[in-house]
Structures are given as C-alpha cells and as structure tokens.
Amino acid sequence: MSLVRQTAVVTGAATSLGELVVRKLKARGATVIALDLRQPLAASDLFFRMDMMDLNSISRAVNSLPYGIDLLCNLVERGAERKQINSVCDYVQGVETLIVEASQLISNGGTIINISPLPEWNIPGSSSFKSRGIKVRHLERAAGGNPLV
C-alpha cells in the first residue's frame with residue numbers, strides 16, 4: 001500500500017517499536033514526523049522533541065505540526081502498565097491531550113492509532129471524529145508482543 005503524499009506523525013518514535021513504525025511508513029512513501037524525548041535512529045522527515053508527561057511540551061509540539069496529517073500513531077510507552085498509577089494516569093492524559101489538540105490538524109478521513117499495553121480507553125471528543133470520517137483504532141499489545149509483525 002503506497003503512502004506517497006501522506007503525512008504520518010509517530011509518537012514514541014525513538015523506541016524500538018517506534019523506529020520500526022517510522023521505517024515501515026518511510027518505506028511506503030509517507031512523510032514522517034517523529035515526536036519523542038530523544039531523536040530516533042530511524043530517519044524521519046521532521047523531528048520535534050516532546051515529553052508525553054508534560055502538557056506544555058505537547059502543546060509546543062502540536063503547534064509545530066502541519067495541517068493535513070493523515071495518520072497519528074501513538075505508541076504508548078512499554079512499561080506504562082508497570083509504573084505507579086499516577087504516572088500512568090499522567091501519561092494517558094498526555095496521550096489524550098495530544099489527540100485532542102492534534103485532531104484539528106488531522107485530515108478528514110484520517111486515522112488515529114493507539115498502540116498500547118494498556119486496555120482501550122475512551123478518548124475525550126472522539127465522537128466528533130466520526131463526523132469528519134476520522135477513524136480511531138486501538139491495538140493492545142501483550143508484553144513482548146508486536147502488533148505490526
């Protein structure tokens with residue numbers, strides 16, 4: 001499936017799974033924007049430093065993104081299920097904040113994919129995505145599992 005002229009944003013792009021996602025999207029022709037605390041080894045077209053636990057960092061990153069995103073792929077940190085409950089809640093709040101803020105930049109008919117070791121959760125405002133044809137998918141991965149292989 002060709003992704004030429006498609007723009008994808010990948011959070012957690014410096015993790016091993018994130019780098020795999022970036023490489024696969026690039027191989028299919030997508031323009032890839034990576035978001036993470038550290039620059040990924042896999043070559044993306046753009047990189048913005050972002051801390052998913054810092055709401056100001058999320059807002060700065062979203063303000064740097066272009067309009068017309070076709071895919072927002074959130075890779076929820078492995079180990080999130082083992083962290084203290086406050087950290088997990090803060091992390092999920094960060095993901096939700098990113099989705100809500102970035103949703104205005106997602107093209108009609110775009111897709112949001114959350115890949116997470118956590119069970120699916122209801123994203124605030126997701127009912128408004130349906131009217132724009134935005135699809136929301138949640139892929140739950142077990143410990144050691146890779147939903148992309």
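Predicted model: local features only at pLDDT ≥ 70, side-chain atom pairs only at ≥ 80, totals over all residues.
**Ground rules.** I number residues from 1 along each chain as its sequence is written. Local features need pLDDT of at least 70 and side-chain atom pairs pLDDT 80 or more, while totals for chains, interfaces and linings use all residues, and side-chain values use heavy atoms, without hydrogens or water.

**Sheet.** I looked up the strand order. I take strands (E, at least two residues) and helices (H or I, at least four) as DSSP runs, numbered from the N terminus. Two strands pair if DSSP finds at least two bridges between them. 6 strands form an open sheet, ordered E3-E2-E1-E4-E5-E6, with parallel pairing. Strand E3 (46–49) and strand E6 (135–140) are at the edges with a single partner strand each, so one side of each lacks a neighbour in the sheet. Neighbouring strands are turned by 15° against each other on average, direction ignored. The axes behind that angle are lines fitted to C-alpha atoms.

**Strand E4.** I then checked E4 on both flanks. E1 and E4 run parallel, joined by 4 bridges. Val 9 has Leu 72 as its bridge partner in E4, and Val 10 has Cys 73. On to E5: 6 bridges join E4 to E5, also parallel. Ile 69 stands opposite Ile 106 in E5. I call a residue buried under 20% relative accessible area, exposed over 50% and partly exposed in between (1.4 Å probe, protein chains only). In E4, 7 of the 7 residues are buried, so the rest of the structure largely encloses this strand.

**Core.** I count a nonpolar core as buried Ala, Val, Leu, Ile, Met, Phe, Trp, Tyr and Cys residues joined through side-chain atoms within 4.5 Å. The largest has 25 residues, and Leu 72 and Leu 98 touch the most other members. Strand E2 (31–36), helix H2 (55–64), E4, helix H3 (85–102) and E5 each give two or more residues. H3 gives the largest share, 6 residues.

**Arg 5.** I found a positive phi of about 65° at Arg 5, which is not a glycine. Arg 5 lies in the segment before E1. Its relative accessibility is 77%, so Arg 5 counts as exposed.

**Pocket.** A pocket is an open set of points on a 1 Å grid where a 1.4 Å probe fits, with protein on both sides within 12 Å along at least five of seven lines; lining residues have an atom within 4 Å of a point. I noted 17 lining residues for the largest pocket, with Leu 3, Leu 25, Arg 28, Leu 71 and Ile 113 nearest its centre.

Conventions. Axes fitted to C-alpha atoms, helices over the stretch in contact; angles between N-to-C directions.
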